[in-house]
Structure formats: C-alpha cells, structure tokens
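Have the viewer open and follow along.

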Amino acid sequence: MATHQEAAVKSFFVYCPELSTKEGTEHLKVLFYFPDTAQLNRKIRNIGLCEALVNFCKTFSPDKPCETVHTQKTKQAFLEPEPGIWMTLTVTIPCSETIHNSERVLEYHEHLIQDSVVQAALQRSYNMFKLFNGTMRGIEATQSVEGLKKRLDVFYSRYWKNIDIARHNIFSVLQGIPFLPLDKYMYLKVHCFVNLVETTFRQIKRTVFVCGDQLVWSGLEQEDTRIFYQYLYDSWLRHNPNPEASGIPSVPAGPNTGSFILEDETGGKKNTWVYVMINQMLTPSRLFVYAVGPCVLCMFVQTDDSPGDDFIKRISVFLGPRLMHLTTEIRDFVSRNRSQSVEKQPYRMVYFNEMNLAIKSPLLSRYNSYLSITQDMMCLLTQLNAEYDKLNEGETVIRTIADYWIVARKNGHRRFFVLFTQKDVNFAEVNEEVRKICQKEFSNIYFFD
Amino acid sequence: MASIGSHYLELEQVPLVFDPLEKTKGSFFDQGNFQMFCVQEGFSKVKVKSVKEEDNFNLTIPQRGQVRSIKFSGGQPKILSIQTRSNSVEFVNVFSSDREQTLPLKQHQYDVVGFHWVFRNDYVILITTSTVELYSCNSSSLSFKLLKSFNINVSWAIFSPTEYILIVCSKGGNFLHPFYFRSGSSVPITRLPKIEIELGPSRDLKASLKERDVFVMTLYGHVYIAVIRTSPQGPGFGSEVLLFHLPHDGAAKLSHILNMDIPGRCTLSVVDNLVVVHHQASKTSMIYDISFGGSISGSTLKHNAVLAPLPLSPTVVHLRQRSGSKTPSPKIITDDSLIAHDSSITSITPELYSSKWIFFQPNVVIDAQYGVIWLLKLNLTSISNMMTDKCNVIQLLLMRSGGKDVIVEVFRECLEPGRQANLSILGAMFDQLNHAFKILSGYHDIGPGKPYQNSISQREFYTNVLVPFSDRKDMPYQYMVAVTIEYIRSLNKFGIQVEHFLFELVMVILIENKCFYQLHQFLQYHVICDSKPLATLLLSKELVYSPATQLAMDMFKRLGTADSEIIDILLSRGQILSALRFVKASDKVDTVSARLFLEAAANEDDHMLFYTVYKFFEERNMRLRKRAEFPADEQCKEYEELFINWFGGKKT
C-alpha cells in the first residue's frame with residue numbers, strides 16, 4: 001500500500017542581515033525561526049544559504065532578486081516585506097511511496113504545491129503580523145530588536161501551528177472578498193446604519209459590516225480590508241450562520257439581542273489592538289466586533305484612554321435593537337432573492353476582479369458541498385490562475401485526462417474560471433455554455449463581449 | 001418683528017381704519033366682502049370701509065330707526081341689505097336707482113334672527129325665530145321668490161360665507177342643524193343631520209350652547225364645526241374644543257378633540273390650517289395641528305397644543321389724521337421713515353386681548369376701540385425654534401404655505417458644525433421631506449397623503465443646504481457624505497429618481513479625501529447611478545486611482561449608449577483587438593471608422609497587429625462592396641500604402 005505525504009510547512013524564518021556584520025555573530029541576524037526546535041547551527045546555515053541566494057540573484061535582477069527556489073523535496077519562497085528584513089517559508093513537496101523495480105521509492109509531486117500558494121502563504125503571514133503588531137521596523141524603533149523578537153515569537157509560534165498549507169489553493173492565492181448581493185436601497189440602509197454608528201460614537205473611526213461570510217461595507221482601505229477579512233473569516237466567519245441557512249431562529253430570544261465576539265489572546269477583554277490605515281497613517285485601533293445572528297459589525301475604535309465597560313455598555317445598548325432590526329430586513333431580502341444568488345448557481349466557477357478584490361464562487365460556500373471538486377482539479381485551477389497573473393487578456397480551454405473541461409478567461413483585471421464535469425460534451429457545447437454563463441452573470445460589466 | 005422665543009403669533013395690520021366705536025351708532029363687519037359699515041348719527045349716513053381705498057364711500061340709507069344689520073351682496077349689481085326692524089329686511093340697489101324693496105315675510109310674527117347672501121347676489125337665506133327660508137333673488141328687478149322653508153325653533157345661527165355653511169342652533173336643546181348650500185341645483189340647500197352636543201355631566205341642565213362657542217372652519221380642505229365646551233370632568237379641568245368633521249352629504253362626526261388646560265372664555269381662529277385658541281383671561285394663545293397624530297380615543301384623536309401658550313406679539317399702530325380730506329378718516333402709516341418725523345402721525349399701542357376685540361373667522365381680529373383690523377399670522381421661524389422635535393418641525397412646516405424657506409433654515413441649522421443633528425433624526429426628517437415631495441409631484445400610489453403645502457426639490461436641497469456646507473473647512477467630510485447618502489437613501493425609499501448632482505457631490509468629496517475604495521463600493525452596489533458625466537469624471541481619475549478605468553468602462557457598457565466612448569478608450573490604451581471584439585459583439589462592424597482603428601494599430605509598432613486589423617477591414621470591404629479596397633471617403637490611403645510597404649501586395 002502506497003503511503004502519501006501531504007505538503008507541510010517545513011520552516012519559516014525572519015532575519016535581518018544588517019544585524020550581524022562580523023563573522024561569528026551570525027546568530028544575531030535571526031529574528032525568528034520556526035520550528036524553534038531546530039539547532040542554532042542549522043538556523044544559521046539555512047539563513048546564510050538564503051542570504052547567499054538572494055545576493056547572488058541580485059546581480060541579475062536587482063528589483064526582484066529571488067522569489068522562489070525549488071528543490072526535489074521542498075519549495076522555498078522569499079519576501080522582503082520591509083527594507084532589510086527578510087522572510088523565508090519552506091514547504092515540503094507532497095510525496096508518495098511507489099514500488100519501482102521492486103524497490104520502494106518516494107515520488108515527489110511538485111505540481112501539487114504551486115509557487116503561488118507558497119508565496120501567498122508567506123505574504124499573508126506578514127500581513128497578519130502587521131495587522132496585530134504594526135510594522136517590524138516600527139516595533140524595532142520603539143522596543144529595540146529584542147522587543148521585536150519577542151513579538152515575532154509570540155505571534156508566529158502560534159500562527160504556523162494553525163496553518164495547513166496542503167489545504168491552500170486558488171482561493172488562498174486570490175484572497176478575494178465575497179460581497180453580499182444587495183439591492184441599492186437595502187445597501188443604502190446598511191450604509192446609513194454604519195454612518196449612524198460612526199457619527200454617534202465619534203471614537204469609532206472605521207467600520208466593517210459583514211453578513212454571513214460576505215462583506216457588505218468596509219470603511220478600511222482596500223488592502224487592509226482584504227487582510228482583515230481573511231482574519232475575520234478564519235477566526236469567526238467560517239462558523240458564522242449564513243443569512244439564508246435554515247434552522248436559525250429569525251429573532252433570537254432574550255433582551256440581549258447581540259453580543260461582542262472575538263476575545264483577544266488573554267481572553268475576557270473582548271477587544272484587540274489592530275493596525276490599519278486611518279487617514280493615510282498606519283494607526284493602532286481597538287477592534288470591537290459585535291454580532292447579531294449573521295450580521296457582524298467590526299468597529300475600529302481610537303481613544304486616548306482605554307474604552308471602559310461603560311463604552312461597551314453604551315454601544316451595546318445602542319447597537320442591539322438597531323442591528324437586530326437591520327438583520328431581520330437583510331434576512332428577508334436575502335430569502336426573497338435567494339434564487340438569484342450566485343452561490344446557488346450550479347457551476348463550478350470562480351470569478352475574481354483584481355480591482356475590487358471581489359470574488360464570486362459557489363465553491364467557496366459551505367452549503368454547496370455537492371459542488372466539490374477533486375484536489376487535482378483544484379491544483380489545475382490554482383496553476384491556471386498563476387499563469388493568468390502574467391497575462392492581460394486571454395482565454396484557455398482545457399480538456400483534462402479525466403474528461404473534464406476547464407475554461408479560463410481573463411480580460412483586463414477580471415478573470416473567470418469554469419469547470420465542467422459532465423462527460424461527453426464537445427468543444428462547441430462548452431463554448432456555448434460559457435457564453436451563456438457570461439451573458440447571465442456579467443452582462444452589466446465590460447467583460448468579454 | 002417678534003423677538004424670537006416669546007411669540008409665535010403676530011398681528012398683520014390691514015390697511016383699513018374705521019371710526020372708533022364711540023363716534024358711531026354702530027359698526028358692522030361683513031366677512032364675505034371684507035367691509036366695515038359705520039352708521040353715523042341719525043341712522044341715514046353710513047361710512048363703508050374696505051381694504052381698497054377706492055371702495056371707501058359714504059351711503060345714505062332710508063331712515064327707519066336703529067340699524068340692526070347691514071351688508072352688501074356679492075356679485076354685480078351689489079345690493080345693499082339692511083335690517084332696521086325686528087321682522088323685516090330691506091334691499092336697495094344703491095348704485096343705480098332708488099328702488100327699494102322690503103323682503104316680504106310670510107309670517108310677520110317671527111322676528112328675524114339673521115340673513116345672509118348666498119352665491120354672490122343669487123340667493124338670500126333668512127333665519128327667523130321659527131323658520132329657515134331660502135329665497136332666490138332677481139337682482140335687476142329686486143324681486144325675491146321663496147324656494148324652500150324649514151321649520152325650526154331658532155335660538156341663533158352662524159354662517160360661513162366662504163364655505164356656504166349655515167349652522168342653526170335650536171331652542172331648548174343643544175342641537176346644531178347644519179345646512180349646506182350647493183350651487184347649480186334648483187333648490188341649492190341641503191339640510192344635514194343634526195348634531196347633539198353633550199355639554200358634559202357637570203353642566204347645569206338649563207345651560208345651552210352659545211353662539212360665541214361655535215365656529216365653522218376649514219382645515220386641510222375639510223369643513224369642521226368647532227365647539228368649545230367645558231371639560232366633561234368639570235369646570236375646574238379647563239375646556240376643550242370638539243371638532244366635528246362635516247361632510248357635504250352626511251352626518252357630522254366628532255373627529256378631533258383639542259385639550260386645553262386653562263379654564264375660562266376662549267375664542268378660536270384658523271391660521272394656515274392651524275387652530276388657534278385665544279384665552280382672554282391669561283391673554284395667551286395656543287396652536288393646534290390636527291394633522292399631528294394625537295392620542296386615539298375611540299374614533300377621535302385627542303391633540304395637545306403644539307407649543308406652550310404665549311401672548312401675541314405686541315403691535316403698534318401709526319395713524320395720520322387727514323383733516324382736509326372729504327372723508328376725514330385716519331390713514332395707517334407703515335413707512336418707518338415717515339413715522340419718526342411727521343408730527344401729524346400718532347402712534348398707539350393697542351391693548352392685546354382687549355375686551356373691545358372681536359374675532360372673525362378665519363383669522364380676523366378687530367379692535368373696535370381704535371378702529372383697526374388685523375389678520376393673525378404665524379411666525380414660522382419662532383415656531384420652528386421653539387419646537388424641540390425637529391421631525392415635527394419639518395412636518396409642521398411642510399404643511400404651512402410659507403414654510404419653504406424656514407425648512408431650508410432648519411436643515412442648515414441641523415448641519416451646522418458643532419451642533420450637528422443625529423443622523424437618525426436627519427434621516428426621519430428627510431423621509432418627511434421626500435414623502436411630501438412625492439405626494440406633491442403627483443404620485444398617489446403611496447397611500448393616503450398628508451395635506452402638504454410645499455416641498456423641497458433635490459435641486460433646492462442641494463443648492464441651499466448641501467452646497468453651502470460642502471466648501472466649509474470645519475465640516476467633517478465624513479458627515480457631509482453621510483448626510484448626502486442619508487438623503488439619497490430617503491429618495492430611494494420613496495422611489496424618487498436621484499439627480500446626478502447629488503452623486504457628483506458624493507464622488508467629488510470621496511475623491512478629494514482619497515476614499516477611493518469607499519467610492520468603489522458605492523459604484524459596485526449601484527448606489528451611484530450611471531451617467532456619461534460620471535463615467536467621464538471617473539475616467540479622469542485614472543491616474544490617482546487605477547480601478548477608475550474599469551469602473552468607467554462598466555458604466556459606459558451599462559449605459560448602452562456609449563459604445564463610441566468604449567472604443568475610444570480601448571484604442572487610446574492600445575487595446576485594439578479588444579476594441580475590435582467589442583465592435584463585433586455590439587454589431588457595429590459596418591459602421592465604425594476603419595481609419596481610427598488602422599491609425600491606432602499603426603501607432604502600436606506591431607506589424608502583426610496592423611496586419612490583423614487591416615485584414616479585418618478588408619474583409620468588411622469585401623462584404624459591403626465586393627472590393628477589398630477602401631473607398632476614398634474612409635481616408636485610409638496612407639494605411640493602404642503602409643500595408644503594401646510592410647507586407648507587399650498588389651498595387652491598386
């Protein structure tokens with residue numbers, strides 16, 4: 001019986017070459033190394049090798065010295081998120097044991113772990129750190145290198161334990177944001193509610209409104225929204241009730257209509273510091289997340305002194321009934337328009353717009369398990385997606401060994417993938433089907449006429 | 001001008017002065033023609049005073065004793081009617097001949113209670129102690145014909161010359177008998193079912209309804225009979241006003257009750273559909289708006305006063321005695337510059353709520369002591385400043401004829417930095433504003449509407465409220481956007497199409513403050529409606545926000561009328577194949593300019609691209625004209641040469 005080993009994070013390290021200029025002091029460069037169990041010698045050697053690779057590549061490409069390195073057993077990605085600070089992520093390539101000439105050999109499947117996946121995982125690990133800690137250089141300036149090391153350790157030793165890189169795919173690469181389809185008036189109501197909250201509590205500088213696992217409004221900047229949404233999804237939204245899902249009482253019982261969620265690491269305090277751009281400045285804010293049923297209101301609060309229980313109480317009293325009312329309205333709206341929801345489309349499709357980071361895909365939804373696709377298919381999509389990063393425009397039609405069809409399209413900043421699992425269809429039929437989908441889904445945007 | 005905070009009702013001087021009571025043998029005000037009759041010594045000379053100076057004249061009437069009532073008919077010729085005896089009325093056509101006729105009464109034993117002209121000079125209604133009689137009048141021959149007579153034991157009667165309603169109170173009971181006059185029918189009088197007024201359990205059984213406590217008034221287009229009565233809880237509990245809605249063809253129904261906390265004598269006026277209660281003892285007045293939802297008690301609504309009772313605004317009258325004139329009556333001076341210097345001008349400050357005051361419907365106040373007449377007016381600015389609930393202010397102002405400017409002022413105060421109103425209140429105010437706008441624009445499909453007098457259009461709101469604040473440095477842009485979006489939300493609520501300048505305002509503020517992502521979300525949800533100017537504005541922001549191009553292109557696409565713009569954008573960005581594909585998809589292949597495409601392709605310095613584009617149009621030429629060559633008017637000569645230059649081929 002052949003055994004199979006999935007891709008896994010082998011190592012992750014952060015280093016700063018300028019911290020050691022003399023031979024014999026190389027250990028000073030190491031800011032963080034995962035796994036911590038590795039011997040110092042090994043850490044220094046690996047970092048030295050990465051440094052050498054980067055420096056070597058700089059000769060040929062000064063701007064983007066070295067992005068990834070493939071070996072037989074690993075893939076390695078490099079990132080310089082802040083000047084002079086480097087991060088490296090090493091991932092093992094999945095392998096399986098086969099019998100070759102009556103000998104047991106390990107076969108490595110390089111295609112099963114894409115460069116783009118490793119790079120995205122690395123970038124994301126930095127983004128998450130920055131969201132909760134601010135920039136590394138910023139910490140170094142205020143708390144010295146030792147302070148930075150401590151912060152990196154607190155954050156990353158926990159972070160990497162929870163990362164399952166083998167489950168990463170096209171969606172982790174795109175990091176898109178699904179938007180809740182609402183009509184103009186319903187959307188305006190949500191927006192006016194957010195305005196009301198922000199003008200009533202002037203300490204609240206920014207607000208993000210999510211329903212189910214879809215975004216409705218974000219007052220953050222786009223990149224911050226993307227990162228924050230990822231965090232929110234992982235920590236809360238993937239368990240959040242869907243507005244359409246049955247079995248949720250339409251009106252929660254009791255006077256406490258809503259509640260604060262997302263406790264910070266220490267627990268209890270129910271608010272977390274996050275660093276987001278406010279008025280073009282990376283600013284630490286306290287994050288309060290209040291939820292009523294599927295609706296989640298994330299508030300970024302800035303105060304000189306810490307907002308006490310009184311603030312929480314006042315805001316809770318204010319939000320509870322109002323958000324309750326709005327939630328009921330959204331729920332009614334969503335159930336009225338259930339049939340038009342893209343999540344209900346029976347296509348295995350992915351649509352992504354780089355410009356607003358909007359993603360639409362029934363494959364994302366937890367409620368469409370019948371649309372599951374095989375890991376191979378997912379790999380193929382991830383691969384196609386990486387190819388399309390380099391293209392401005394194009395169309396690809398693929399017939400796979402398993403007799404599936406994949407159609408990929410890109411026009412400007414929008415890309416679209418669709419997978420057909422029906423057997424015995426020909427090229428013309430596939431083409432016609434894609435035309436129909438485009439007409440139905442994209443008739444009101446400039447996308448592939 | 002009333003000082004704000006102490007008055008909300010003012011007296012507006014009517015340019016009509018009459019001889020004070022002490023100088024005459026009786027003064028009679030005719031509400032229908034707005035004329036004052038002052039009977040002189042000897043009962044044969046009567047001064048007639050009107051608002052228009054040319055309508056002031058002296059009359060000589062037959063001397064038959066004390067004048068009990070005198071008035072002109074409406075219409076032409078004007079017929080003078082005088083009652084000097086208890087049981088007859090005389091009619092004189094004073095402007096032509098001297099013919100005079102005494103209206104014959106069938107039953108001379110009945111005394112005349114009152115008489116009124118109905119429909120100009122067409123009919124006369126005569127009320128005697130036992131009958132109500134309608135006569136038609138032939139104005140040229142001054143002959144009268146009895147059309148209809150009702151037998152009622154009349155105690156007193158009131159008549160509304162504007163609504164043509166007669167209310168008769170019968171003797172011995174507290175019954176009101178309404179009569180309604182309808183022009184066009186041969187007997188234009190309808191007797192409506194009588195109304196019984198319960199005067200309350202604590203009242204003396206012998207007490208009866210008094211003429212001074214009953215009024216006919218029109219509120220929001222409906223006729224009401226108002227009755228002042230002591231609260232049923234007893235005399236200590238103050239009075240209340242019962243409003244009976246009087247339909248044209250049915251029984252009157254008690255529909256509103258106005259609560260008054262003060263006991264004692266009151267009288268009523270109506271100003272701009274508000275009921276004003278004047279209380280003589282405390283020298284204050286209160287206003288009531290029956291369109292405000294009151295507390296429901298059965299089928300009636302109970303209302304409290306809109307504001308606390310306050311006195312009328314004090315007023316000064318400036319009079320100049322004209323000695324040399326033929327009619328030596330004083331003239332009212334309103335020119336302030338004259339008042340200070342002219343010694344012939346005397347200024348008087350009439351006592352407010354004086355016992356010499358007489359109130360006429362709807363809003364006439366007469367001071368018999370000084371011989372002046374006022375009209376009661378609202379000071380809307382004071383009212384809006386005194387009311388604390390801004391939603392009620394907007395509702396009240398929307399239903400007042402002069403409320404428009406004050407509404408703008410209220411909104412401006414709500415937006416004033418430092419005193420900014422809560423968005424939920426503003427939202428409710430916008431909803432009222434737009435509800436009124438919707439109704440006054442003729443949409444009737446949104447249920448029963450309130451009787452709005454005015455509304456504010458989007459253009460007016462934008463120009464007078466939003467724009468003055470959008471440039472102010474102390475106005476936080478977030479609040480400005482929030483207010484505008486709240487306004488747009490409200491417009492959407494009532495299905496009113498939002499005008500483009502509101503979107504532009506939002507876009508400009510968001511772009512100025514670099515809130516591109518927020519703008520992007522608005523566009524994504526189509527909150528900001530598509531238009532060519534907005535798409536062009538977006539396109540111009542491409543350098544500061546790269547997704548702007550995509551947004552603009554989508555907008556052009558949705559507009560459906562901007563294909564040439566899309567092609568231009570694609571060509572200018574060197575996306576020539578995309579442009580061709582777009583042309584094909586939108587069925588414009590036969591009409592687009594080949595030169596534009598060839599020029600763009602030639603500029604790209606890509607031979608294969610140029611070849612492709614050239615061949616595409618050659619194909620079109622073949623299809624349209626069966627020849628590969630370009631016609632002369634397409635001006636493609638230089639590109640034909642370029643093609644031959646690059647790829648060779650046959651010369652033409």
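How many of the 14 residues of α6(A) are buried? Ten of them are, so α6(A) is largely enclosed by the rest of the structure. Here, buried means under 20% relative accessible area, exposed means over 50%, and partly exposed lies in between (1.4 Å probe, protein chains only). Among the buried residues of α6(A) are Arg226(A), Phe228(A) and Tyr231(A). The helix covers residues 222-235 of chain A and reaches 20 Å from its first C-alpha to its last, close to the 20 Å expected at 1.5 Å a residue. That expected span is 1.5 Å times one less than the number of residues.

Before going on, a note on the ground rules. This is a predicted model, where local features need pLDDT of at least 70 and side-chain atom pairs count only at pLDDT 80 or more, while totals for chains, interfaces and linings use all residues. Residues are numbered from 1 along each chain as its sequence is written, chains are lettered from A and ligands numbered from 1 in the order in which they are written, and side-chain values use heavy atoms, with hydrogens and water left out.

Chain A has nine helices and 19 strands; helices (H or I, at least four residues) and strands (E, at least two) are DSSP runs, numbered from the N terminus. Of its 449 residues, 53% are buried.

Now the rings. Over all chains, the whole structure holds 57 aromatic pairs. Rings of Phe, Tyr and Trp (its six-membered ring) pair if their centres lie within 6.5 Å; planes under 30 degrees apart count as stacked, over 60 as edge-to-face and the rest as tilted. Here are two of the pairs:

| Pair | Centres | Planes | Type |
|---|---|---|---|
| Phe129(A) and Phe155(A) | 5.6 Å | 80 degrees | edge-to-face |
| Phe150(B) and Phe179(B) | 5.0 Å | 55 degrees | tilted |

Phe129(A) sits in helix α2 and Phe155(A) in helix α3, 26 residues apart. Phe129(A) counts as buried at 0% relative accessibility, and Phe155(A) does at 13%. Both belong to an aromatic cluster that also includes Phe228(A) and Tyr231(A).

In chain B, Phe150(B) lies in strand β13 and Phe179(B) in strand β16, 29 residues apart.

Finally, look at the open sheet in chain B, where four antiparallel strands run in the order β2-β3-β4-β5. Strands pair if DSSP finds at least two bridges between them. The edge strands are β2 (27-30) and β5 (57-60). Four bridges join β2(B) to β3(B), and Phe29(B) stands opposite Met36(B) in β3(B).
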